[in-house]
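Please work through each task before reading its solution.

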Amino acid sequence: MPSEPAAMRFGIALPTYPSGATIDGVVAVAQAAERLGFVSAWTTDHVIMLPDEAGPYRDIFEPLLTLAYLAALTERVALGISVIVVPQRNGIVLAKELATLDRLCNGRLIAGVGAGWNEAEFSMLGYADRFRHRGAHLDETIRVWRHLWTTPDQAFEGRFYNLPPVAFAPAPVQRHGPEIWVGGSSEAARRRAGRVGAAWHPVGTPATELAELAQAVREAALEADRDMPEIAPRLIMQLGSVPLYPASAGRAPTLQGEPDEMIENLREYERAGASEIVCHFGSPHGHVVVEQMERFAAEVMPAFAH
């Protein structure tokens, strides 16, 4: 008999932004995720932006430090970054930070990665020269992470990093390092997900487009002789019709409606191949997000528990 398909999983985007977010709210949402059956909790990354480009990101907690704090306050939920803009940072320092984070949370870390899009942010961080080849830099940084996490006693030669045999420890708890989820919807990002990702993690992609866009992921995985990565989009959503996200943020829900409508919309994602949805309930206020999570867990999630 054919095996029954796995149940769709649900993660939660933590309210680390926009203005009004508090660390108490972030903690409340992360702990509610464990109580309510969400499998993962995610921070968001931006460092510094021009005022007219910042939108909701003008007031945002640093993602790695936030996860380090949550590692001590949670026990089961996976902790991820959705997504860290890798070329804006020193990749070797990031390898150390991610390995340490994986130790702090006892192997629960997911490294969501992206190449970035904001040229001014690159420039202000001192990496203006990387913007033009940020995709290539991201690809090699992932390689150097895995090298440092598994075989640091060997030399590494690349375009951006050249290392002799080094002392680099402790290694992450996860044997080959944290899972890498690749963000972005460009063809380059999708092919990157197929080559090296445990999951493709687009933001706000409509269900009607998801399966077609995932074809590039599948083709790249076949070329690399790998299994097809999971498809795990992040979607702004809300139950009910009262707006949760500040109008000034300029963001609208990908999915909105009462539970029956939400279930049917999520079924479309399931049919398109999604195995996990990272739910972003929009509000910066932890108690509002927890209220949405409680209703979602009671009235939507049971429909996907095969």
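**Exercise 1. Is Asn-106 buried or exposed, and what is its relative accessible area?**

Solution. Step 1: Asn-106 has a relative accessible area of 61%. Step 2: the classes are buried (under 20% relative accessible area), exposed (over 50%) and partly exposed in between, with a 1.4 Å probe and protein chains only. Step 3: Asn-106 is therefore exposed. Step 4: the residue lies in the loop between helix H4 (91-104) and strand S4 (109-114), and its phi is near 55°, a positive value in a residue other than glycine. Helices (H or I, at least four residues) and strands (E, at least two) are DSSP runs, numbered from the N terminus.

The model is predicted: local features need pLDDT of at least 70, side-chain atom pairs count only at pLDDT 80 or more, and totals for chains, interfaces and linings use all residues. Residues are numbered from 1 along each chain as its sequence is written, and side-chain values use heavy atoms, with hydrogens and water left out.

**Exercise 2. Locate Asp-225 and state its phi.**

Solution. Step 1: Asp-225 belongs to the loop between helix H8 (207-223) and strand S9 (230-231). Step 2: phi is positive, about 55°, although Asp-225 is not a glycine. Step 3: with a relative accessible area of 72%, Asp-225 is exposed.

**Exercise 3. Which residues of S4 lie on each side of the strand?**

Solution. Step 1: in a regular strand the side chains alternate between the two faces of the sheet. Step 2: Leu-109, Ala-111 and Val-113 are on one side of S4, and Ile-110, Gly-112 and Gly-114 are on the other. Step 3: these residues are all buried, and both faces of S4 are covered. Step 4: six of the six residues of S4 are buried, so the strand is largely enclosed by the rest of the structure. Step 5: S4 pairs with S3 in the parallel sense over five bridges, where pairing requires that DSSP finds at least two bridges between two strands. Gly-80 stands opposite Ile-110 in S4.

**Exercise 4. Describe how H1 packs against H10 and against H3.**

Solution. Step 1: the axes of helix H1 (residues 23-36) and helix H10 (residues 286-299) come within 8 Å and cross at roughly 15°. Axes are lines fitted to C-alpha atoms, for helices over the stretch in contact, and angles run from 0 to 180 degrees between N-to-C directions. Step 2: angles under 35 degrees count as roughly parallel, over 145 as roughly antiparallel, 65 to 115 as roughly perpendicular and the rest as oblique. H1 and H10 are therefore roughly parallel to each other. Step 3: H1 and helix H3 (residues 63-71) pack at an angle of about 55°, with their axes 11 Å apart. H1 is therefore oblique to H3. Step 4: residues in contact (heavy atoms within 4.5 Å) are Ile-23, Val-26, Val-27 and Ala-30 of H1 and Thr-66, Tyr-69 and Leu-70 of H3.
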